[in-house]
Amino acid sequence: MDTVKFGKTGMQVSKLCLGCMTYGARAWREWVLEEEASRPFLREALEKGITFFDTADVYSQGVSEEILGRALKDYARRAEVVIATKVHGAMGPGANAKGLSRKHILEGIDASLKRLGTDYVDLYQIHRFDPATPMEETMEALNDVVRAGKALYIGASSMYAWQFARMIDIARSRGHAEFVSMQNFYNLVYREEEREMMPFCTFENIAVIPWSPMARGYLAGSGIGPQASTVRGRTDPFSVTLGLGSPQDETIRERVNEVARDLGTKPAIVALAWVLSKPYVTAPIVGASKPHHLADAVAATELKLDAQTIAKLEEPYRPKAVAGHG
């Protein structure tokens, strides 16, 4: 698989990033794969040339990091992979066990490194914006993480563009490490990021690594709610929070299905190929829990959609409420 430059950094990453929320403990989410079932997907990803892996401390309350760390130790050399993890979510019942305070960030990175079994992560991301902590405190703590060699780069996830820009400005004015990436919710049925976040990232040469490029499986045909064909589709309340499944979304999903039929391929491949067609996208984050998932993702990197097909897929979209920041 080809590699691409990670924004303004000198680091190269694979064109796909394997999201590891799927791997962990079923006690956390019913659709999660336990370690024995997870390892073949991690090994296959490496065999297919995927060397970029994204997890978070909150995924299965740390078990995802542990599984990823053990698998990479067994299947890869540390220098040959790019490991990203995140901090923000609640890791315990205490008032300081969440958010972006200096206390939680500095404790969080040490805990993540221990679970991953590594001395450093390549990318340490804030999982969401924390309105309860001053931006200056967060950026100073993240700078200390980088200066200590515990993370090579820092990134952010879903938030408003003004918040992202302000945090970068604070870091820049103080000579601190700046965010080099944005991990945001972006796919054919949710394109609000095109208004401000994507242009800002393009202007600043910031890497964009969208989460849920197939709208949590919705565009792949899994459906949402009691009638969904997958356990995740039936049991994932966040899909409802994101507002997936509106009449507009259904129209777009049918366009994806039509294009897939015309091209003799799968809807999932078309949906991911559309995300990959965008010049501001660096490496979408894909999940894999079934035997065909990784093969489909790789096929999407090889499918080039022409302008007419892209226009057909995009035409039904109309503005919708902001989602994914919570």
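**Entry: Arg318 and Glu315**

I looked up Arg318 and Glu315, and their side chains meet in a salt bridge at 3.9 Å, N to O. I noted the rule: a salt bridge is a side-chain nitrogen of Lys or Arg within 4 Å of a carboxyl oxygen of Asp or Glu. Side chains of opposite charge can pair when their charged atoms come close. Next I checked exposure, where buried means under 20% relative accessible area, exposed over 50%, and partly exposed in between (1.4 Å probe, protein chains only). Arg318 is partly exposed at 44%. Glu315 is partly exposed too, at 42%.

**Entry: what kind of model this is**

I reminded myself that this is a predicted model, in which local features need pLDDT of at least 70, side-chain atom pairs count only at pLDDT 80 or more, and totals for chains, interfaces and linings use all residues. Residues are numbered from 1 along each chain as its sequence is written, and side-chain values use heavy atoms, with hydrogens and water left out.

**Entry: other salt bridges**

How many salt bridges does the structure hold? I found 26.

I picked out Glu192 and Arg195, whose side chains meet at 2.8 Å, N to O. Glu192 is buried, at 9% relative accessibility. Arg195 is exposed, at 53%.

Then I turned to Asp249, which forms a salt bridge with Lys320, the closest N and O atoms being 2.8 Å apart. This pair links distant parts of the chain, 71 residues apart: Asp249 is in helix α9, and Lys320 is in the segment after α12 (307-314). I noted how the elements are named: helices (H or I, at least four residues) and strands (E, at least two) are DSSP runs, numbered from the N terminus. Is Asp249 buried or exposed? Asp249 is buried, with a relative accessible area of 0%. Lys320 is partly exposed at 22%.

I also found a network of salt bridges that links Lys8, Arg172, Glu178 and Glu204.

**Entry: α9 against α10**

I stayed with α9 (residues 247-263) and looked at α10 (residues 267-276). Their axes come within 8 Å and cross at roughly 105 degrees. The axes are lines fitted to C-alpha atoms, for helices over the stretch in contact, and angles run from 0 to 180 degrees between N-to-C directions. I count 65 to 115 degrees as roughly perpendicular, under 35 as roughly parallel, over 145 as roughly antiparallel and the rest as oblique. So α9 and α10 are roughly perpendicular to each other.

Which residues make the contact? From α9 I listed Val256, Asn257, Val259 and Ala260, and from α10 Pro267, Val270 and Ala271. Contact here means heavy atoms within 4.5 Å.

**Entry: helix α4**

Helix α4 (residues 135-147) has 13 residues. From first C-alpha to last, α4 reaches 18 Å, close to the 18 Å expected at 1.5 Å a residue. The expected span is 1.5 Å times one less than the number of residues. I listed buried residues of α4, among them Met135, Thr138, Leu142 and Val146. The buried residues of α4 pack against α3 (102-116), β6 (121-126), β7 (151-157), α5 (161-174) and β8 (179-183). After α4 comes Gly149, with a positive phi near 80 degrees.

**Entry: Thr118**

Where does Thr118 lie? I found Thr118 in the loop between α3 and β6. Thr118 is buried, at 13% relative accessible area. Leaving aside neighbours within four places in sequence, Thr118 is in contact with Arg78 and Leu113. I also checked His293: its C-alpha atom is separated from that of Thr118 by 28 Å, and the two are 175 residues apart along the chain.
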